[in-house]
Amino acid sequence: MSKLTIPEVLVRVAGLDSRIYSVDGETITEALRALCQRHPQLEQHFFHDSGQVKEHFMLVVDGALAAPDAPLPEASELEVLLAASGGSGSTELPHLSNDERARYARHIMLPQVGEDGQRKLKAAKVLIVGTGGLGSPIAMYLAAAGVGTIGLIDFDVVDQSNLQRQIVHSITTVGTPKVSSARRRLRDINDQLHLVTYDAELNEENARDIIPEYDVIIDGCDNYATRYLINRVTRKYGVPYVYGAIFQFDGQVSVFLPGRGPCYQCLHPEAPPPAIAPNTNNKGVFGVLPGVVGLLEATEALKIILGIGDLLAGRLLIYDALSMRFREVAFRARPSCRACGATVEELCL
Ligand SMILES: [Zn+2]
């Protein structure tokens, strides 16, 4: 039995709990295969389809660099390092300027954030799907909080009737693409922000190119089909998915962590028929509702990036603005789920 240490970034993207594992194997490749049997979501990160270990890893056995097919002595220490990180074992975080230290002082003084946490936020890439009611407060608060890269995808144009709740837009941007309108406002909030905009609808083709580029995907969309698509693609590429939905006076929030707990389709196996499906466009939405729900989503996204607190994984938070009550429904991975094909490990959660 050898001790295997993997890079922190893999712990995060694969939704694992630890960097350190005990593994058996005659060679380094066999040891990595043994870990992938326990955590199949690691397979795509460690191995090419051909079965070769990916070249961007440095494999270190008892302090010396080794080839993938090198023998692994009994009770040795195997460390997998990311070559791009200069061998430090973790991805390099960007430094903060003095200006940024002043700007984020109220964050940095929180022990749960600190300067390292603020650097994690600066390094983070978050995609917000939809730049409407939910996407507006999410984008504005994440920009203010110092998230380094924000992606916005929306194909819609700002309409006067949006201004009742979509606060990132304004009177002067009615008639312009929502992502361009949002860009103007977000630039004004944080000129250091790296903003990537997609004036398009998220679809089967572009989702596979766009989603893997990000660390967290936040749901600001208004339909089931897009959510099933986000769910499938985030699951495939190991990207956390923060879900939020609104209708009239009610909201829902949850978090789906690939490889760790249930997914969106475990929660909603089938979309309801159109006759009873909630639709904000023809049934209305209370103007402040997306503010509340969107910021609950933004909160979970920041916690995922910082690695703090308890997430809403396996928990659906339901908000009723009329009775001003929050309640929580626990849910588990469904063995029959077509999206995640729940593993035994997940069912034990
Ligand atoms: Zn599922």
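Reader: Is methionine 324 buried or exposed?

Author: This is a predicted model, in which local features need pLDDT of at least 70 and side-chain atom pairs count only at pLDDT 80 or more, while totals for chains, interfaces and linings use all residues. Residues are numbered from 1 along each chain as its sequence is written, and side-chain values use heavy atoms, with hydrogens and water left out. Buried means under 20% relative accessible area and exposed over 50%, with partly exposed in between (1.4 Å probe, protein chains only). Because the relative accessible area of methionine 324 is 54%, this residue is exposed.

Reader: In which loop is methionine 324 found?

Author: Methionine 324 has a positive phi of about 50° although it is not a glycine. Helices (H or I, at least four residues) and strands (E, at least two) are DSSP runs, numbered from the N terminus. In these terms, methionine 324 is in the loop between strand S12 (315-320) and strand S13 (325-330).

Reader: What is the relative accessible area of alanine 75?

Author: Alanine 75 is not a glycine, yet has a positive phi of about 60°. Its place is in the loop between strand S4 (64-65) and strand S5 (77-82). Alanine 75 counts as exposed because its relative accessible area is 58%.

Reader: Which residues are the protein donors of the zinc ion?

Author: Donors are N, O and S atoms within 2.8 Å of the metal (3.2 Å for Na, K and Ca); water is not among the atoms, so sites may look incomplete. Along the chain, the donors of the zinc ion follow the spacing C-x2-C-x70-C-x2-C. Lying 2.2 to 2.4 Å from the zinc ion, the protein donors are Cys263 (SG), Cys266 (SG), Cys337 (SG) and Cys340 (SG).

Reader: What is the geometry of the site of the zinc ion, given the angles among its donor atoms?

Author: Four donors count as tetrahedral if all angles lie between 85 and 135 degrees; four count as square planar and six as octahedral if opposite donors are over 155 degrees apart and all others between 65 and 115; anything else is irregular. Among the 4 donor atoms of the zinc ion the angles are 97 to 119°, and the site is tetrahedral.

Reader: What is the relative accessibility of cysteine 266?

Author: Cysteine 263 counts as buried because its relative accessibility is 0%. Cysteine 266 also counts as buried, because its relative accessibility is 3%.

Reader: How many residues of helix H7 are buried?

Author: Among the buried residues of H7 are Ile138, Ala139, Met140, Leu142 and Ala143. Helix H7 (residues 135-145) is mostly covered, and of its 11 residues the number buried is 9.

Reader: Which residues does glycine 146 contact, leaving aside its neighbours within four places in sequence?

Author: Glycine 146 follows H7 and has a positive phi, near 95°. Glycine 146 counts as buried because its relative accessibility is 6%. Contact means heavy atoms within 4.5 Å. With its neighbours within four places in sequence left aside, glycine 146 is in contact with Tyr104, Gln118, Leu121, Lys122 and Asn190.

Reader: What is the relative accessible area of glutamine 118?

Author: Glutamine 118 lies in helix H6 (residues 114-123). Its contacts, leaving aside neighbours within four places in sequence, include Leu96, His107 and Gly146. Glutamine 118 is buried because its relative accessible area is 1%.

Reader: Which helix gives the most to the lining of the largest pocket?

Author: On a 1 Å grid over the protein atoms alone, a cavity is a set of points where a 1.4 Å probe fits but cannot get out, and a pocket is an open set with protein on both sides within 12 Å along at least five of seven lines; lining residues have an atom within 4 Å of a point. The largest pocket is lined by 46 residues, of which Glu8, Val9, Arg12, Val13 and Asp215 lie nearest its centre. The elements that give two or more residues to this lining are helix H1 (8-13), helix H3 (43-46), H6 and H13. With 6 residues, the helix that gives the most is H1.
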